[in-house]
Amino acid sequence: MRRAARQTVEILEAIKFQHSVFALPFALTGALLALRGLGLSAGETAWKLGWIVVAMVAARSAAMAFNRLIDASIDARNPRTADRALPSGALSKRFATVFVVVSSAVLVIAAAQLNPLCLKLSPVALAIVLGYSYTKRYTALSHVILGFALGIAPAAAWIAVRGTIDPNILLLAAAVTLWTAGFDIIYSCQDVDFDRSSGLHSIPARLGIARALLISRLLHAGMAGLLLLAWIRLDLGPLALAGVGAVGALLAYEQSLVRAQDLSRVNAAFFAVNGWVSVLFLAFWAADLWLIGPAP
């Protein structure tokens, strides 16, 4: 039991479980938008939101643990990642494999509790979030594919609530895709030399750090534009607009932390700022939805 407990702690640290906060607030925003005007009881709402949280956390946990498994040999060769739990031997591959299987099963169970369409789409969601782990071996667009894996969160939450899809929620999904791709490019700047020597693909490895950071900035500007368009299309109020402004300011700050000649603050940009982006976005949009009430 003690060994299992240690292994559990190791894998939760390995997958940065606390960083489920990156995509979860956007999923919850999608759910709140879908709930607007439905007139569900408090119990029905809590049921929906609870299972959405379970599904999101399970999906991310499965994806991150699978990524650590697939990349274990690569991480062992990279000085920056050689001390991670799997390469160092602190975490066994068997335990990580069981964790992936259990997390995937929890996602399917959660989907079944939501509606039939969610259950039918759960294998597709798993294929997307697990399949990302292979993409860096083949394409520099792996950042965008990772973005898509997180970007489906608000659309998936909408489907979980309504059992259908609305084109307007796809604007929010696209915004999350660009946001994720942008910050993943920043993070991968740390591994340019290793990626090139190992035959791995990334935009920084292909174009150089300076051009990669420019692309990251363009992606984040695109995210702000899509959020503004979503605000218009979804007929939201001033608090939601203030949330778009707050996200834009945080993205500008994130970009200011990193220079081609100075990557010393990449972790601050990646871990700290991005957590605030998603949390503040949810806070502003949830407050706006609460104040303006049901959609006309």
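Let's start with a charged pair. Arg84 and Asp75 form a salt bridge, with their closest N and O atoms 3.3 Å apart. Asp75 is buried, at 7% relative accessibility. Arg84 is partly exposed, at 21%. Keep in mind that this is a predicted model.

How many salt bridges does a search of the whole structure find? Four. Here are two others.

Arg80 pairs with Asp191, and there the closest N and O atoms are 2.6 Å apart. This bridge links distant parts of the chain, 111 residues apart. Arg80 lies in the loop between helix 4 and helix 5, Asp191 in the loop between helix 9 and helix 10. Asp191 is buried at 7% relative accessibility, while Arg80 is partly exposed at 30%.

Next, Asp71 and Arg137. Their side chains meet in a salt bridge at 3.2 Å, N to O. Is Asp71 buried or exposed? Buried, with a relative accessible area of 15%. Arg137 is partly exposed, at 24%.

Now the nonpolar side. The largest core has 57 residues, and Leu33, Trp179 and Trp285 touch the most other members. Helices giving two or more residues to this core include helix 2, helix 3 and helix 14. Which helix gives the largest share? Helix 9, with ten residues.

Look at Trp285. Beyond its sequence neighbours within four places, its contacts include Leu33, Trp231 and Val244. There is also a second, separate core of 18 residues, Ile11 and Leu69 among them.

Technical notes. Residues numbered from 1 in each chain as written. Predicted model: local features only at pLDDT ≥ 70, side-chain atom pairs only at ≥ 80, totals over all residues. Heavy atoms only, no water. Core = buried A, V, L, I, M, F, W, Y, C linked by side-chain atoms within 4.5 Å. Buried < 20%, exposed > 50% of the residue type's maximum accessible area, 1.4 Å probe, protein only. Helix = DSSP H or I, 4+ residues; strand = E, 2+ residues; numbered from the N terminus. Contact = heavy atoms within 4.5 Å.
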